[in-house]
Amino acid sequence: MDSKFYQIATAVQWNKLLEKTGANVHMFNVHPGIVDTRLYENVFYYKLVAPLMSLICKTPAQGADTVVYAALSPKLENEFPILIANCKGIDPHPGIHDTEVRELIWSISCILTETCENESAYLRSPAGLPRSSPQLRH
């Protein structure tokens with residue numbers, strides 16, 4: 001598992017929490033693709049790979065397409081994909097459907113950021129993990 005998996009798992013848990021509150025808000029994970037933003041133009045090897053960048057990378061405008069799609073597409077009013085890439089919902093990893101794994105990641109994040117809501121069964125800490133005392137901060 002990697003940081004992208006943890007990010008997606010956290011967003012899925014946020015969506016479940018938002019759904020419980022009745023909020024008409026949905027979080028999406030968006031992957032714009034590999035975008036040539038010239039982030040590395042001051043790195044010594046950039047001049048060597050720059051010609052290839054235009055062949056394999058999206059332009060910043062093309063990279064923004066998926067972000068704009070996630071924000072504005074009426075198709076997403078009733079669909080809630082876990083991850084959006086190239087303006088399509090995709091299933092990124094089979095483990096993302098494991099509720100226990102997602103809740104573990106959520107609980108660890110709450111503990112590390114000291115934002116656990118102790119009374120909530122939704123944010124309960126899995127067995128064996130220490131509890132944090134702070135309440136959810138507003």
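Reader: How much accessible surface does the protein chain have, and what share of it belongs to carbon and sulfur atoms?
Author: The structure is a predicted model. In this model the protein chain has an accessible surface of about 9500 Å². The part that belongs to carbon and sulfur atoms is 60%.

Reader: What percentage of the residues of the protein chain count as buried?
Author: A residue is counted as buried when its relative accessible area is under 20%. The protein chain has 138 residues, and the share of them that counts as buried is 29%.

Reader: In what order do the elements of the protein chain run from the N terminus on?
Author: The protein chain contains four helices and three strands. Read from the N terminus on, the order of these elements is α-β-α-α-β-β-α.

Reader: Among contacts between residues at least 6 apart in sequence, what percentage join residues at least 24 apart?
Author: Contact here requires heavy atoms within 4.5 Å. Among the contacts in the protein chain between residues at least 6 apart in sequence, the share that joins residues at least 24 apart is 42%.

Reader: Which element gives the largest share of the largest nonpolar core?
Author: The largest nonpolar core consists of seven residues, namely Phe5, Ile8, Ala9, Val12, Leu83, Ile96 and Ile105. Four residues of this core, its largest share, come from helix α1.

Reader: Which residues does Ile96 touch, not counting residues up to four places away in sequence?
Author: Ile96 is one of the residues of the largest nonpolar core. With residues up to four places away in sequence not counted, Ile96 touches Ile82, Asp91, Arg102, Phe5, Ile8, Ala9 and Val12.

Reader: What is the volume of the largest pocket?
Author: Rolling a probe the size of a water molecule over the atoms shows where empty space is left. For the largest pocket, the volume is about 270 Å³.

Reader: Which helix gives the most residues to the lining of the largest pocket?
Author: The lining of the largest pocket has 16 residues, and Val12, Asn15, Lys16, Glu19 and Phe80 are those that lie nearest its centre. By class, the lining comprises nine nonpolar, four polar and three charged residues. Five residues of the lining come from the helix that gives the most, spanning residues 3–21, which is α1.

Reader: How far apart are the C-alpha atoms of Lys4 and Pro92?
Author: Lys4 belongs to helix α1. Its relative accessible area is 38%, so Lys4 is partly exposed. Along the chain, Lys4 and Pro92 are 88 residues apart, while their C-alpha atoms are separated by 9.5 Å.

Reader: Is Asp36 buried or exposed?
Author: Asp36 lies in the loop between β1 (29–31) and α2 (46–56). Leaving aside neighbours within four places in sequence, Asp36 is in contact with Tyr46, Met53, Cys57, Lys58 and Pro60. Its C-alpha is 5.7 Å from that of Thr59, a residue 23 places apart from Asp36 in sequence. Because its relative accessibility is 13%, Asp36 counts as buried.

Reader: Which residues does Cys57 touch, not counting residues up to four places away in sequence?
Author: Cys57 is placed in the loop between α2 and α3. Its relative accessible area is 11%, and therefore Cys57 is buried. Not counting residues up to four places away in sequence, Cys57 touches Gln62, Ile34, Val35 and Asp36.

Reader: How far apart in space are Ser73 and Cys87, C-alpha to C-alpha?
Author: Ser73 is in the loop between α3 (60–72) and β2. At 13% relative accessibility, Ser73 is counted as buried. Ser73 and Cys87 are 14 residues apart in sequence, and their C-alpha to C-alpha distance is 9.3 Å.

Reader: Why does Cys87 count as partly exposed?
Author: Cys87 is located in the loop between β2 and β3. The category of partly exposed lies between the buried limit of 20% and the exposed limit of 50%. Cys87 counts as partly exposed because its relative accessibility is 30%.

Reader: What is the phi of Asn86?
Author: Most residues other than glycine have a negative phi. Asn86 is in the loop between β2 (83–85) and β3 (88–90). Cys87, which is not a glycine, has a positive phi of about 60°. Asn86 is not a glycine either, and its phi is positive, at about 50°.

Definitions and conventions. Residues numbered from 1 in each chain as written. Predicted model: local features only at pLDDT ≥ 70, side-chain atom pairs only at ≥ 80, totals over all residues. Heavy atoms only, no water. 1 Å grid on protein atoms, 1.4 Å probe; cavity = no way out; pocket = protein on both sides within 12 Å on 5 of 7 lines; lining within 4 Å. Points joined across faces, edges and corners; volume = space filled by probe spheres on them. Helix = DSSP H or I, 4+ residues; strand = E, 2+ residues; numbered from the N terminus. Nonpolar A, V, L, I, M, F, W, Y, C, P; charged D, E, K, R; others polar. Buried < 20%, exposed > 50% of the residue type's maximum accessible area, 1.4 Å probe, protein only. Core = buried A, V, L, I, M, F, W, Y, C linked by side-chain atoms within 4.5 Å. Areas by Shrake-Rupley, 256 points an atom, 1.4 Å probe, with all protein chains shown as cover.
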